[in-house]
Amino acid sequence: MNHLHIALWGVLPYLVLTVLVAGTAWRYRYDRFGFTTRSSQLHEHRLLSIGGPLFHYGLLFVAAGHVIGLLVPESFTERVHVHERLYHANALIVGGTAGLATLAGLAILLHRRLRVPAVRAATSRSDRAVYPILVCVLLAGLTATATTLRPHPYDYRLGVSLWFRSLFTLDPNVPAMAHAPLAYQVHALLAMALFALWPFSRLVHAFTAPLGYLARPYVVYRSRGTRRAPTAHRPGQQPAPPAAVRR
Amino acid sequence: MRIMAQVAMVMNLDKCIGCHTCSVTCKQTWTNRSGTEYVWFNNVETRPGQGYPRGYEDQERWQGGWRLKHGRLVPRSGGRARRLARLFANPGLPSLDDYYEPWTYDYENLISAPLGDDVPTAPPRSLIDGEPTRVTWGPNWDDDLGGGPEHIAGDPVLKQMNERVRLEYEQAFMFYLPRICEHCLNPSCVAVCPSGALYKRIEDGIVLVDQDRCRGWRMCVTGCPYKKVYFNHATGKAEKCTLCYPRIEAGQPTVCSETCVGRLRYLGVILYDADKVGEAAATADEQDLYEAQLGCFLDPGDPAVQRAAEDAGIPHDWVTAARRSPVHALISRYKVALPLHPEYRTMPMVWYVPPLSPVVESLTATGHDGEDPAKLFAAIDSLRIPLEYLAGLFTAGDVAPVEAALCRLAAMRSHMRRVNLGEERDPAIARAVGMDAEDIEGMYRLLALAKYDERYVIPTGYTAGTPEDELGGCGLDGPGGPGMYDPGTFHATPAPEPEGAQASLRGRVNLLNWNGRGRPDGLFPRGGGNRT
């Protein structure tokens, strides 16, 4: 049992981190062409216009919540006199709402992906791997959030957060995670699966968020000479979905 | 003054017979791939008509081009923050139905259908999901006014005219409008691209998409008011007309120009002052935009301009080509070519000679001498193609420039008839339209004789900056792209290749260029650490 915990919470995170960083670097080096949202808005826009923003904006809030929950130590919030109860109420309401919005958005997007034939035909193999994990991560996370409603909830800031921060000091606090409730453990495991798949799926588009646009002149001029010579072949590129007639 | 050069196009609409050869050859060259089934970099639409995609000129709906906000230019679809906020679902993106759902036919059914009383058919199948489909719209569904009033009513230009159009067949009017990317001086597709993937080339002004930088945010599709940027749904990248830049760089005309049976396209260099573009595009009155854009163009015959151009790094042969440019002649000297929808404020660089033809026919039909200048000029404002309609396309509704252009064309007819009949030239004809006989005959030579060498005056490509830079490759040569060639073979330069080109091959030998003799370096991988 102890060995399993060490493997899961002491070794696996580093393997996942390596895959995420090296995989992304590899993809960027060899398959820059593949860095795209692969948007299916052309095929269907009504459901996407609801589900897309709901999912993505919800996700931004969820990500911000994780940054606060995992990186800010409890001692800090105590020093700035944020009461424990206020903190958790806030986490429950804002985090729960954002999580539910993300889940609702994802449900709309998945419904659309399954039910609209053109969108279904544009679904790649990596999509089929990523979407179920994404759903499970969200459900596990929401379950963990919901458990804080119980009378004596688990204080993740004294467990999971300690483990998470200890990973970056290269001294993983395995017991902190090993004693966490099952929902948290499942959530963390699935999240690691998602991060491992990240570089090899369409999720890479998150790393290309175009923030530089805010500081760029409108019209871009480029010289013929400054362009990179193209790579002759691009490994890692997924084949185009079959658009030919199926019989 | 910052002089830049642009390869621009003019199309003479009088000669367009709507044969779609340009569209078909363009499609065979650039968009015959999965993901671009619905994409026509070049399309020919019948006007009046809805165009492709349907009703693309309705900018209230599609949000293309620029608008003035407190005297400053902003993309109509919103500034930077607004664009980023709409990243997850772009409300201004046309859906596939606004273009059309591409289809093929199930030909297999013709030979595999079971024995029956009826002749088997090849039912249509969607090229998007492979399912049986009903064909209800296409890239030129309302060709030749097909569909009649029902479809014409959707023409945004007609709606603006607010005038009941005569649709009885004898009185109906129509003409063809071939369209490609405008390669604008002030491109709004470039401005709205969050990734900075779209760019305007310094050397020749061609607007291209860097396929390795495009992330598929699809803002450019909305941003272009001409809807000439398309989303490849298989690769998730934007693609657009490239003005066949590999051909242009080699001094050849674009495929659409080369194959145009009416010989109505002209390609040439225009020198312009890049510092004036922003100010001109922000001209307050839409109807002054045509003149404002003319004001950006420089006279390549002016020695001061020539000197300044060469000082700015534009090669001598480009300046020479600009002097011979048919496009400059039609736009600035003869003033018969007009921009398409200048009111979008993108400063388009594909201009059009408005169609005149029906006026002569209709005058002759009423018993008049159809080529008598006085009668022609008087008849121009009662053309079968209403001037207001042409003005709605080319001058933001200002009839005067359209009328002036048509009068010049009419004067050319009258003048040349006298020449052909051996009558004495009448200088009054040319004077009436502000030209002289020499100009008129030059214009006749360009428009009517339209020699290949005079229609296309294209200098070969150069690279701004240091010559040691690597050669650029094809922006579309990704997997699934049409240009999956090596840069070396694409241009097939007879001269020894510059060092940069070999660097891009990274030590490999291109077997297409190998004559079969000897053993070139790089044919086999070198041993040890020499491999690159």
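This is a predicted model: local features need pLDDT of at least 70, side-chain atom pairs count only at pLDDT 80 or more; totals for chains, interfaces and linings use all residues.
Visitor: How do you know that the span of helix 6 of chain A agrees with its number of residues?

Guide: Helix 6 of chain A covers residues 125-147, which is 23 residues, and at 1.5 Å a residue these should span 33 Å. The end C-alpha atoms are 34 Å apart, so the two values agree.

Visitor: And which residues of that helix are buried?

Guide: A:Leu134, A:Leu138, A:Ala140, A:Gly141, A:Ala144 and A:Thr145. The buried residues of helix 6 of chain A pack against helix 4 (84-115) and helix 9 (182-197) of chain A.

Visitor: Over to chain B. How do you know where the largest nonpolar core lies relative to domain 1 and domain 2 of chain B?

Guide: That core has 136 residues, and B:Val10, B:Cys220 and B:Leu330 have the most contacts inside it. Domain 1 (17-100 + 137-257) and domain 2 (262-455) of chain B both give residues to this core, so it lies between them. As for B:Val10, the residues it touches include B:Tyr266, B:Leu330, B:Trp351 and B:Val353, not counting residues up to four places away in sequence. There is also a second, separate core of 12 residues, with A:Trp9, A:Val160, A:Trp163 and A:Met177 among them.

Visitor: What makes up the contact between the two domains of chain B?

Guide: The C-alpha centres of domain 1 and domain 2 of chain B are 24 Å apart. Domain 1 of chain B puts 31 residues into the contact and domain 2 of chain B puts in 24 residues. On the domain 1 side, strand 3 (66-69), strand 4 (72-75), helix 7 (156-161) and helix 11 (255-258) of chain B each give two or more residues. Helix 7 of chain B has the largest share of that side, three residues.

Visitor: Why are strand 12 and strand 13 of chain B said to stand at the edges?

Guide: Look at the open sheet of four strands in chain B: the order is 12-1-14-13, and the pairing is mixed. Strand 12 (265-273) and strand 13 (338-339) of chain B each have a single partner strand, so one side of each is left without a neighbour in the sheet. Further in, strand 1 (residues 3-12) and strand 14 (residues 350-353) of chain B pair in the parallel sense over four bridges, with B:Asn12 opposite B:Val353. Helix 15 (residues 316-323) of chain B lies across strand 1 and strand 12, at about 115 degrees to strand 12 of chain B.

Visitor: What makes strand 10 and strand 11 of chain B count as a pair?

Guide: Pairing needs at least two bridges, and strand 10 (residues 229-232) and strand 11 of chain B have four, in the antiparallel sense. B:Phe231 stands opposite B:Ala238. Four residues lie between the strands of this hairpin, and B:Gly236 takes a positive phi near 70 degrees.

Technical notes. Residues are numbered from 1 along each chain as its sequence is written. Chains are lettered from A and ligands numbered from 1 in the order in which they are written. The expected span of a helix is 1.5 Å times one less than its number of residues. A residue is buried if 20 or more other C-beta atoms lie within 10 Å of its own, exposed if 12 or fewer, and partly exposed in between; C-beta atoms are placed from the backbone. Two residues are in contact if their C-beta atoms, placed from the backbone, lie within 7 Å. A nonpolar core is a set of buried Ala, Val, Leu, Ile, Met, Phe, Trp, Tyr and Cys residues joined through C-beta atoms within 7 Å. Domain bounds come from an automatic or database domain assignment. Axes are lines fitted to C-alpha atoms, for helices over the stretch in contact, and angles run from 0 to 180 degrees between N-to-C directions.
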